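Subject: Structure handover

Hi,

Here is the structure I promised to pass on. Please open it first; my notes follow below.

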Amino acid sequence: MIEIQNVSTSFASAAGPFTAVDDVSLHIRRGTIQGIIGFSGAGKSTLLRNINLLERPTSGRVLVDGVDLVTLSDAELRTKRHDIGMIFQHFNLLNNLTAQENVELSLKFAGVGKAERRRRAAETLEIVDLADKAGTYPAKLSGGQKQRVAIARALATGPKVLLCDEPTSAVDPRTTSSVLQYLADVNAEFGITIVVVTHEMNVIKAIADNVAVMEEGRVVEQFDLTELRRPGFHPATSIGRYLVSDEIQLDRSGRGTHTTAASEGLINV
Ligand SMILES: Nc1ncnc2c1ncn2[C@@H]1O[C@H](COP(=O)(O)OP(=O)(O)O)[C@@H](O)[C@H]1O
Ligand SMILES: [Mg+2]
């Protein structure tokens, strides 16, 4: 469904070009939920934005449903993007629009007529159980409800792929389960392929079929969640083992207070 081939993305910086995504290749199977995990700054968001060309890769190919997005014209890309929905950590709703109007806006951009916009927005708000909040402004919604409006907005154009950048990082743990449940339902009911970027292993464990571990712009390892659940499974890299261990590990000797979590010695492998 999604084929990322040798994708690199560099940014100009004072010290010269900085490579945020470094020669990543990843195959994401249709109808699956792909997790991408890593620490802050690993390049996860940049890689996710490479999938819909919100961030155009410096090199490499991105095929969605067999179409190489990098070769499309601007007009073709705009059309293709209707197949690719996206949600964000901070929801990105417009505060001066109601839930319904926020959802309708994505349909307006897709050139959908007014009556049809109304119908589809109501339908997608129904999917996330927010029909009763259609006329409510974001300020009056909880974090979980805002994210559900954002999911409805992403679903309104009927995408085949849903990209999620830290979808639960701004909500409390109980709301996290609810948001993830809606994503799992959307995947199961509509067969939408989902890519979830997160720094939280519990999110991966709850929802993903496969996970790619990123460090310094590279995918350093990848495994199926069935492997992860197998007793005795041991990730190949130290960062993989650290993330899977899912524990806060402190050095209580008094020497490690200011070292980073990923540094040597804190990784108890
Ligand atoms: N538009 C940009 N310009 C310059 N540097 C960027 C830009 N976007 C991201 N970066 C840098 O690329 C690295 C990876 O960023 P990002 O993809 O956001 O990582 P993550 O989502 O894993 O935290 C970071 O060091 C970040 O500062
Ligand atoms: Mg990020």
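I start with a strand pair. Strand β9 (residues 210–215) pairs with β10 in the antiparallel sense, over 6 bridges. Please keep in mind that this is a predicted model.

The β9–β10 pair is a hairpin, with 2 residues between the strands. In the turn, E216 has a positive phi of about 50 degrees. E215 has R218 as its bridge partner in β10. M214 stands opposite V219 in β10.

Which strands are at the edges?

**The four-stranded sheet**

There is also an open sheet of 4 strands, ordered β2-β1-β4-β5, with antiparallel pairing. Why do β2 and β5 each have one side without a neighbour in the sheet? β2 (16–28) and β5 (67–68) stand at the edges and have a single partner strand each, so one side of each is left without a neighbour in the sheet. Helix α1 packs on this sheet and touches β1 (2–13), β2 and β4. The direction of α1 makes about 120 degrees with that of β1. β4 and β5 pair in the antiparallel sense over 2 bridges. V64 has V67 in β5 as its bridge partner.

**The ligand site**

Ligand 1 comes next. The residues around ligand 1 are F11, F18, A20, F39, S40, G41, A42, G43, K44, S45 and T46.

- A backbone N or O atom of G41 lies 2.7 Å from an oxygen atom of ligand 1.
- For G43, a backbone N or O atom is 3.0 Å from an oxygen atom of ligand 1.
- T46 uses its side chain: a polar atom there lies 2.5 Å from an oxygen atom of ligand 1.

**The cores**

In soluble globular proteins, nonpolar side chains tend to be buried together. The largest nonpolar core here has 34 residues. Which of them touch the most other members? They are I87, V149, I151, L162, L183 and I194. The elements that give two or more residues to this core are α3 (99–109), α4 (114–127), α5 (143–155), β7 (161–165), α6, β8 (193–198) and α7 (201–207). Helix α5 gives the most, with 6 residues. A second, separate core has 27 residues, including V24, L53, L77 and A212.

Beyond its neighbours within four places in sequence, I151 is in contact with I87, V128, V179, Y182 and L183.

V179 sits in helix α6 (residues 173–190). Is V179 buried or exposed? V179 has a relative accessible area of 0%, so it counts as buried. Leaving aside neighbours within four places in sequence, V179 is in contact with G144, Q147, I151, P167 and T168. G144 is 35 residues from V179 in sequence, yet the C-alpha atoms are 6.5 Å apart in space.

T168 lies in the loop between β7 and α6. T168 is buried as well, because its relative accessible area is 2%. With neighbours within four places in sequence set aside, the contacts of T168 are T176, V179, L180, E200 and V203.

**N52**

Where is N52? N52 is in the loop between α1 (44–51) and β4 (59–64). Its relative accessibility is 4%, so N52 counts as buried. The side chain of N52 reaches the backbone nitrogen of L54 at 3.1 Å.

Best wishes

How values were computed
Residues numbered from 1 in each chain as written. Chains lettered and ligands numbered in written order. Predicted model: local features only at pLDDT ≥ 70, side-chain atom pairs only at ≥ 80, totals over all residues. Heavy atoms only, no water. Buried < 20%, exposed > 50% of the residue type's maximum accessible area, 1.4 Å probe, protein only. Contact = heavy atoms within 4.5 Å. Polar contact = N/O pair within 3.5 Å; in protein donor to acceptor, adjacent residues only side chain to side chain. Pairing = 2+ DSSP bridges. Axes fitted to C-alpha atoms, helices over the stretch in contact; angles between N-to-C directions. Core = buried A, V, L, I, M, F, W, Y, C linked by side-chain atoms within 4.5 Å. Near = heavy atom within 4 Å.
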